[in-house]
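Please look over the chain shown below, and then read the briefing that follows, which is arranged by topic.

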Amino acid sequence: MKMLLRWLFSLVVLLALLLAGPVWILASNQVEIDAHWSSLDRSSAGIAPDPAETVEAVVQVYSARAYNWRGAFGEHIWIATKTENADSYRLHQVLSWRRPTVVSSIDTPDRAWFGNPPTLLADYRGDAATLMIPQIEAAAADYPQAELYRVWPGPNSNSFIAWVIREVPGFEVTLPVTAIGKDYIFNGVLAPAPSGSGYQLSLGGVFGIMLALEEGLELNFLGLSFGIDVMRPALKLPGIGRLGMPAKVSKS
């Protein structure tokens, strides 16, 4: 009996630690939970190169806090592509309110995600981007769960991004620890880390471990991840994200 109580107490303490970050994000009003989505900022952050001035092909990956209360736990990630000489960008992402969920459409690449500013995760240009774009489009079209969306533990918008990254050779992106769903592995339990610099083991996106040069060590418990990055020193905490040096922006 004492052993059982000890295990239950340890589990409660672990859950409290995992939820401390999201609770703090909510309590400190770092995400907007009262405003209607139509009133929230969707303007460009001015990060993406202007297609009117940039001839070369471009592939960029952005992340931003998710909409409403979900932003206390995780981020939404999308891929923006521009072919050579194109005058617009095409965004590839999964949207929970659409069926099929995969959407590839012309849009502003670096716009705020319903009030939350974007962060650039990867920036490929020129020949590297030209090679990637048709492969990104093919991977998006072949996404195996286009009719299913689960906020937790996946498959969701971040599961889609991790899928595309793994399907495209040379497309290496360090995804944030707050990208819930990135650890959902299709058709197996072992896969390369999204950065391409290591591997991860995951059981349905609920439990797992990742060890990679770029991501460092990440442990996934009940879909929430925490860890440590040694190469670019930082703690990685649920809800809060990185505390320390920023992650490397992948570039060609």
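Predicted model: local features only at pLDDT ≥ 70, side-chain atom pairs only at ≥ 80, totals over all residues.

Residues are numbered from 1 along each chain as its sequence is written, and side-chain values use heavy atoms, with hydrogens and water left out.

- Helix 3 (residues 157-167) lies across strand 2 (75-82), strand 3 (90-94) and strand 4, and runs at about 45° to strand 2; axes are lines fitted to C-alpha atoms, for helices over the stretch in contact, and angles run from 0 to 180 degrees between N-to-C directions.
- At the start of helix 3, a side-chain oxygen of Asn 156 comes to within 3.0 Å of the backbone nitrogen of Asn 158.

- An open sheet of mixed pairing is formed by six strands in the order 4-3-2-1-5-13, and two strands count as paired if DSSP finds at least two bridges between them.
- Strand 4 (102-106) and strand 13 (250-251) are the edge strands, each of them pairing on one side only.
- Strand 2 and strand 3 run antiparallel and are joined by three bridges, and Ile 79 stands opposite His 92 in strand 3.
- Strand 3 and strand 4 also run antiparallel, with five bridges joining them; the bridge partner of Leu 91 in strand 4 is Ser 105.
- Strand 3 is mostly covered, since four of its five residues are buried.
- Strand 1 (residues 58-65) pairs with strand 5 (residues 119-125) in the antiparallel sense over six bridges, and Val 61 has Ala 122 as its bridge partner in strand 5.

**Pro 51**

- Pro 51 is found in the loop between helix 1 (2-27) and strand 1, and it counts as partly exposed because its relative accessibility is 22%.
- Apart from its neighbours within four places in sequence, Pro 51 is in contact (heavy atoms within 4.5 Å) with Lys 82, Ala 86, Asp 87, Ser 88 and Tyr 89.
- The C-alpha atoms of Pro 51 and Thr 83 are separated by 9.6 Å, although these residues are 32 apart along the chain.

**The chain as a whole**

- The chain has three helices and 13 strands, and its C-alpha atoms fill a box of roughly 70 × 40 × 35 Å, taken along the principal axes.
- Buried residues account for 47% of the 252 residues in the chain.
- Of the contacts between residues at least 6 apart in sequence, 54% join residues at least 24 apart.

Key: Helix = DSSP H or I, 4+ residues; strand = E, 2+ residues; numbered from the N terminus. Buried < 20%, exposed > 50% of the residue type's maximum accessible area, 1.4 Å probe, protein only. Polar contact = N/O pair within 3.5 Å; in protein donor to acceptor, adjacent residues only side chain to side chain.
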